[in-house]
Amino acid sequence: MSQKRAQKRNLSKGILEMKFMKRSKDKVEKEIEYQEGAEFFGNETRIAGTPKEAQYIIEHSMVPIEKLVNGRMSFKGMNPEIERLMEQEWHNIREQQKALEREISNRPEISDKAMAKRLGKTVSKKYGDRKVACNSDDSEEENINSDDSDKSPPKRGKFLKPKDD
Amino acid sequence: MTPTEGPTYKVGDTVLPGDDVTGAVRRGAGDASRTVLGPGLRRTGGQVVVSRPGVLRMPKNNVFMVDAYQKRYIPVKEEHVVGVVTNTSSDVFRVDIGASATASLSYLDFEHATKKNRPNIQNGDVVYAKLSAAGRDMEPELVCVDAHGKAGKLGKLEDGFLINCSLNLIRKLLSPNCPLLQALGQKWPYECAFGMNGKVWIKARSIKETIAIGNAIYESENMNNDEIKKMCFDLGVVVDSM
């Protein structure tokens, strides 16, 4: 088995370039890459990968920890441009808070009632149709026909050819 | 740095560089899977080690840091700082941000700046900039544009007055529930830029108001929110009567 594998790995470049060998080529390249990586980074990658290390997040700045605001401010129209940006920032923060609250309370943005009101008609129509269709006929073709007849406007009278004398 | 074996610390204790606080962090974090190590804490191997003297604190759940009175700024990436330009002769401006080394600010990192259109910055100008690179072994780098090339709130600060204060005061004033800046803003129109490096730039209509705002900022260091509100009210009365 291992011999077979070794043989496979040593396939010549020419063969690997061929179209039907694309998959094996990718595999070989991946293996080479992995080996090179292991040589270069040695133990470091293995250390970083262990779950024990991953439990700490390093944060050098106090800004996200204490949720500090941007230090550039303007009041009472001293610098309208800055005040516009401040207003925008506040708006964004408020939106984020709202979204967070919604997530915590697990209340959807649109209440069940509002949704039922909005969708009630269409959904009932949809299921109603299906029921009618199921009751009336089993065959697929018939269903389609009945759907069509439901959707299309009421048929007008057939064209009557005037009698020529 | 080898962590020292010593007494078991808990949140609220005074700690010194090299102290091993893994136990305190584990206990404080409970069974949470992820813990945030703030400024003053480092990870060596599987241990959490203190890297600056101060008090071990847990400002939020699963967030740990070492708190201390600090006036020396240690540059951190993505933080906003106020700096004084000290050299404009080459392609990169040298900016003093109060850190151990001066920061560099490329003349191309301004809004609308091109190779032909050099921004008008002179020695002694004050800039509000963001740190784009900061590390223990590198000189800090500043930019005055965001990722889209827009200046936003960054850029040169015209006129105004520059004061220095402790980093703790900056953090206190910029926390969302601090009433000082809003209260002063209801009193007089003014403009300000607080850098995380402890430099504060103020621009008001008159010298009198500028001094009042500067003093209010200094005085609020040892006050709580109610005292700050009262001070702002008193200050308004006094300055208006002058």
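This is a predicted model: local features need pLDDT of at least 70, side-chain atom pairs count only at pLDDT 80 or more; totals for chains, interfaces and linings use all residues.
Figure 1. Glu66(A), Arg57(B), Asp67(B) and Arg171(B) are linked through salt bridges into a network. Within this group, the side chains of Arg57(B) and Asp67(B) meet in a salt bridge with an N to O distance of 3.3 Å. That pair links distant parts of the chain, with Arg57(B) in strand S5 of chain B and Asp67(B) in strand S6 of chain B, 10 residues apart. In general, side chains of opposite charge can pair when their charged atoms come close.

**Figure 2. A buried salt bridge between chains A and B.** The side chains of Arg72(A) and Glu191(B) form a salt bridge of 3.0 Å, N to O. The pair crosses between chains: Arg72(A) lies in strand S2 (residues 72-75) of chain A, and Glu191(B) lies in strand S14 (residues 190-194) of chain B. Arg72(A) and Glu191(B) are both buried. Over all chains, the structure holds 14 salt bridges. Another of the pairs joins Lys10(B) to Asp13(B), whose closest N and O atoms are 3.8 Å apart.

**Figure 3. Strand S9 of chain B and its two partner strands.** Strand S9 of chain B spans residues 103-106. Ala103(B) and Leu105(B) point one way from this strand, Ser104(B) and Ser106(B) point the other way, and all are buried. Strand S8 (residues 92-96) of chain B is joined to S9(B) by 4 bridges, and the two run antiparallel. Within this pairing, Val92(B) has Ser106(B) as its bridge partner in S9(B). The hairpin of S8(B) and S9(B) has 6 residues between the strands, and Gly98(B) takes a positive phi near 80 degrees in this hairpin. Strand S11 (residues 141-143) of chain B is joined to S9(B) by 2 bridges, and these strands run parallel. Here Ser104(B) has Glu141(B) as its bridge partner in S11(B).

**Figure 4. A nonpolar surface patch on chain A.** Which residues make the nonpolar surface patch of about 460 Å²? The contributors are Ile110(A), Met115(A), Leu119(A), Val123(A) and Tyr127(A). Met115(A) belongs to helix H8 (residues 112-136) of chain A. With a relative accessible area of 45%, Met115(A) is partly exposed.

**Figure 5. The two chains as context for the close-up views.** Chain A contains 9 helices and 2 strands, and from the N terminus on its elements follow the order α-α-α-α-α-β-α-β-α-α-α. Of its 165 residues, 13% count as buried. The accessible surface of chain A is about 15300 Å², and carbon and sulfur atoms account for 54% of that area. Chain B contains 5 helices and 15 strands. Of the 242 residues of chain B, 48% count as buried. Chain B exposes about 12100 Å², with 50% supplied by carbon and sulfur atoms. Among the contacts in chain B between residues at least 6 apart in sequence, 62% join residues at least 24 apart.

Technical notes. Residues are numbered from 1 along each chain as its sequence is written. Chains are lettered from A and ligands numbered from 1 in the order in which they are written. Side-chain values use heavy atoms; hydrogens and water are left out. Patches are made of residues with over 30% relative accessible area and no salt bridge: like charges are joined within 9 Å, nonpolar side chains (Val, Leu, Ile, Met, Phe, Trp, Tyr) within 5 Å. Accessible areas come from the Shrake-Rupley method with a 1.4 Å probe; for residues, only the protein chains shown count as cover. A salt bridge is a side-chain nitrogen of Lys or Arg within 4 Å of a carboxyl oxygen of Asp or Glu. Buried means under 20% relative accessible area, exposed over 50%, partly exposed in between (1.4 Å probe, protein chains only). Two strands pair if DSSP finds at least two bridges between them. Contact means heavy atoms within 4.5 Å.
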